[in-house]
Amino acid sequence: MSDAKRLDESMKTLEEGITKVKLIMDGYPASKLVTSEEYMRYYDCVYLLCIRPPPHDLSADLLQRYHAVLDESIYFKVLPFLKDKSGTSLLAEFLRVWANYKAMVKCLGGFFLYLDRKCSDQKSSAPLKEVALSCFQNRVCCDLLPKLFDAALLLISQDRREEPIDRSLLQGLSTFFWENGGPQKGMYYYMFEEKLLADTYSCYSRFASEWLLSYSSADYILKVERCLNDEKGRLSQYLYPSSVEKLLQVVHLKLSGETTGQLIEKQKAENLNSTKYQELLSRCSNLSIG
């Protein structure tokens, strides 16, 4: 068989593998689509296509094909499924397509492993995994990120009102935010954290005003203590510890630190005896966020 014929056959064989791998975007597990023998055969095809001297070295063509597979997957298997969605349905669908995309990229990266090493050695391309992440961020996240933030904030607000929610969605989204965001790992997460801090500030300012009107000073203190414990418990399930600490500080400030004067006036109006009055003052000042 001539070299040209062999290269053509290798490219056709690789395309068969690419067709199978793209089915991962439909939810099929890679283990059911590609056997270990096929996996090695597709790797060998890429190897053969990369080691020939010019003009038969097809490394540039393969790199272009890799980019094309990513674009095709996003435009046909990601974006259409996210269009017009919001809230919980958006988060669930986003995490589904992201999981499928990651699985596809992992399998595809195995086929193109030799090309990845060659590009790295020659510094002709970023690592293929980074290329895939960048492609997803640029094609999907740039426009979608504000909607993801809003959906997550809404879900946390519902959680604070003790409405039933699927916290695994927030766990998955928090992990995605931490793993992505460009050159600086966690950039999406810190962007979300900033929005959540502002939302928490507004939320507990409103709660403080409502509770001061609705509860006695003694019941208000109990309500704040219970709220801090509940907030720590829920946030710890889907945020990183540093974020939980920052948010609890905001909650403590809005419910306790900034309401001390109003509580004192409220206690006076309730005509509490001196001992009880001092106990409440001490309890209010010693509320813990730990």
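**A helix pair and the spaces around it**

The helices α8 and α9 cross in a left-handed way, meaning that the near helix is turned anticlockwise from the far one by less than a right angle, whereas clockwise would be right-handed. Before going further, please keep in mind that this is a predicted model, in which local features need pLDDT of at least 70, side-chain atom pairs count only at pLDDT 80 or more, and totals for chains, interfaces and linings use all residues. Residues are numbered from 1 along each chain as its sequence is written, and side-chain values use heavy atoms, with hydrogens and water left out.

Two packed helices are described by the angle between their axes and the distance between the axes. Here the axes of α8 and α9 come within 11 Å and cross at roughly 140°; they are lines fitted to C-alpha atoms over the stretch in contact, with angles running from 0 to 180 degrees between N-to-C directions. That makes α8 oblique to α9, because angles under 35 degrees count as roughly parallel, over 145 as roughly antiparallel, 65 to 115 as roughly perpendicular and the rest as oblique. The helices themselves are DSSP runs (H or I, at least four residues), numbered from the N terminus.

Which residues in α8 and α9 meet? On the α8 side they are F136, C141, L145, L148, F149, A152, L155, I156 and D159, and on the α9 side R167, L169, L170, L173, F176 and F177, where contact means heavy atoms within 4.5 Å. By class, this contact has 13 nonpolar, no polar and two charged residues (Ala, Val, Leu, Ile, Met, Phe, Trp, Tyr, Cys and Pro are nonpolar, Asp, Glu, Lys and Arg charged, and the others, Gly among them, polar).

Now look for the largest cavity, with a volume of about 40 Å³. A cavity is a set of points on a 1 Å grid over the protein atoms alone where a 1.4 Å probe fits but cannot get out, and lining residues have an atom within 4 Å of a point. Its lining consists of A152, I156, L170, L173, S174, F177, F192, Y238 and L239. α9 gives the most to this lining, with four residues. Eight of the lining residues are nonpolar, one is polar and none is charged.

Technical notes: On a 1 Å grid over the protein atoms alone, a cavity is a set of points where a 1.4 Å probe fits but cannot get out, and a pocket is an open set with protein on both sides within 12 Å along at least five of seven lines; lining residues have an atom within 4 Å of a point. Grid points are joined across faces, edges and corners, and a volume is the space filled by probe spheres set on the points. Helices (H or I, at least four residues) and strands (E, at least two) are DSSP runs, numbered from the N terminus.
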